[in-house]
Amino acid sequence: MSKGFPKLALIALMTLAIMLLYRILLPNYDNISSEQGVDDTLLVIETISELDSLTKIEEKTENHKQVKSKKKKKYVKKIKPVSFAEIAGGDDFTRLTSFFSKLKELHINPKLKVRIAYFGDSITESDLATNQLRKVLQDSLGGAGIGFIPAVSNLSQYRASIKHTYSQNWNEYSISKKTDRKYPLGLFGNVAVPSQPLTDSLGYVKNSLSWHSYSMMDGNPLAKPVLMILNPYEPLEITYIANRDTLNKKIEVSDKMQFISLSDSLLKYLSISYFPQDTCYVYGVDFSDDTGIYIDNYSLRGNKGNNFVHLDNMITQQSFAYFNYDLTILHYGANVTDPIMKDYSWYRISMKKNIRFLQNFLNNEEMILFSVGDRGALKDSLWFSSPDLPYLIKEQKRIAKDTNISFFNLFTALGGEKANVELEKQALLTPDHTHFTRKGAKHFGDLLFNKLMREYHNYLENN
C-alpha cells in the first residue's frame, strides 16, 4: 500500500461527508428560501391589496361626502320678479254670458228673479259694500229684500242693512275652527244650535228660550222670510212674531235641510224662538221677494277663500239648489298677503281645489274671482302698496284661467300702486290703509255697480 493512500482516502471520505451533508441540508435550505420568497411575495401582494382597498375606501368616502354635500344643498325655487305694471288690468267678463243674458231677460220681464252669491272676507263683512251694490241694482232692476241673514253672527251689530239681534244662549260652530268642521256647516261658514235654558237649584228657568230677531233698516223690508233649518232628531216647535202677530209652527223630523216659509208679506219685524232646544241646526233666514235681483253676503272675517272644502256636502248642495244662483263672486286675498312673500303657488293650488268644489254644486259655472285690492304697508313712516301684491295677483289671474272662470282686477280698479294712500286721505279706507270705511264701502259698491253695468252693455253691443 502506498503511503499516500490514507491521505487520499481521508480526502475522499471528507468529500463524501461534505456531499452527504450538502444533500441533507440543501433541501431544507431550498424550502426555507422558497418559503421566504413566497412569504415576501405574499407580503408585497397583501400590501398592494391593502393600499388598493384604502384607496377605494378613500374614494368611497369622498364620493359619500360629495353625495352628502349635494343632499345638504336645499333646492331653492327661483321666483321671477313681478312688477306692479306687469299685473295691471286683465279683466275678463267674457264667461258671464249666461248671467248677462239673465239681466237682459229681467229688463224685459220684471217678474223674473236673478240672484248673486258674494263670498268674501273682512273687506266686505257686515254687508256694507254689498248693501250698496244691492240697492243700486234693485233700483235699476227691481227686487225687495236683503237676501240671506245668518241666525247668529258676532258682526251683526255692524250691519247697516238690517237690525239683527239674538239671545246669548246659542252654541255657534264656525268653519274657522278646525274642531267645529265636523258639524253640518252652511254657506255662511257657520251653524247655530239653540242651547237648553239654564235652571236654578229649584228648577226655575233662569234664561229664556233661544231666539233671533230682525228689524227693517235703511228702507230694506223683510221680504217673505224663509227659515233655513236642519231638524234630524225630534219634532220641533217654534214660536215666531211677524210684525205684531204671534204664530206657532211645528217642524217635522228630517235628515234633509228644510226651508220653512214664515210669511208671504213684506215685514218690518220678525223674531223666532225654539223649543225643545239642542236638537236642531239653524242656519238663518232668507228675506227675498219672488222677483227682482238679490245679493247674499257670505263674508267671513279672516277667511282666505280656501275653506270651502270643509263645508257639509249635503247642506251645500241643498243650499245651492234652493238659491239657484246666477252668479257667484269670490273676493279674497287680504288675509293671504305677506309683504315678504313671493311664492303663492301654494295658494293657487288650494284655491283651484276649492273653486272646483263649489263648481260641483252650481247649475252653471258662471263665477268670477275678484283680485285683492290695495293693501297698505308701512315703512319708515311712509305708506305704500305691499310689495308682494304683484306676485299674489299674478297667481289669482292664473287661478281664474285654470278654473275657466272670469276675473276682475280690483287692484287696478281702485287706482293701482299706492292707491291706498289716496283712498285713506279721502276717508275711504280706515287707518290700516286696507279696510273700507262706511263711506268707502258705499264708494266700493258704486264702483262694482258701474263695472258690472259697463260689462253688461258691452255684452249687449256684442250680442
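Reader: How are α2 and α9 oriented to each other, roughly parallel or roughly perpendicular?
Author: In this predicted model, helix α2 (residues 97–108) and helix α9 (residues 438–462) pack at an angle of about 90°. Angles of 65 to 115 degrees count as roughly perpendicular, so α2 and α9 are roughly perpendicular to each other.

Reader: How far apart are their axes?
Author: The axes of α2 and α9 are 10 Å apart.

Reader: Which residues make the contact?
Author: From α2, T97, F99, F100, S101, L103, K104 and H107 take part. From α9, the residues are L452, M453, E455, Y456, Y459 and L460.

Reader: How many of those are nonpolar, polar and charged?
Author: Eight residues of the contact between α2 and α9 are nonpolar, three are polar and two are charged.

Reader: Changing topic. Where is S174 found?
Author: S174 lies in strand β4, which covers residues 170–174.

Reader: Buried or exposed?
Author: S174 has 10% relative accessibility. Buried means under 20%, so S174 counts as buried.

Reader: What does its side chain make a polar contact with?
Author: The S174 side chain makes a polar contact with the side chain of S176, at 2.9 Å.

Reader: And which residues is S174 in contact with, leaving aside neighbours within four places in sequence?
Author: Those are D180, L185, G189 and N190.

Reader: What about confidence? What is the mean pLDDT of the chain?
Author: The mean is 88, and 81% of the residues reach 70 or more.

Reader: Where does pLDDT stay under 50?
Author: Over residues 27–48. For that stretch the model has one contact beyond four places in sequence.

Conventions
Residues numbered from 1 in each chain as written. Predicted model: local features only at pLDDT ≥ 70, side-chain atom pairs only at ≥ 80, totals over all residues. Heavy atoms only, no water. pLDDT = per-residue confidence, 0-100. Contact = heavy atoms within 4.5 Å. Axes fitted to C-alpha atoms, helices over the stretch in contact; angles between N-to-C directions. Helix = DSSP H or I, 4+ residues; strand = E, 2+ residues; numbered from the N terminus. Parallel < 35°, antiparallel > 145°, perpendicular 65-115°, else oblique. Nonpolar A, V, L, I, M, F, W, Y, C, P; charged D, E, K, R; others polar. Buried < 20%, exposed > 50% of the residue type's maximum accessible area, 1.4 Å probe, protein only. Polar contact = N/O pair within 3.5 Å; in protein donor to acceptor, adjacent residues only side chain to side chain.
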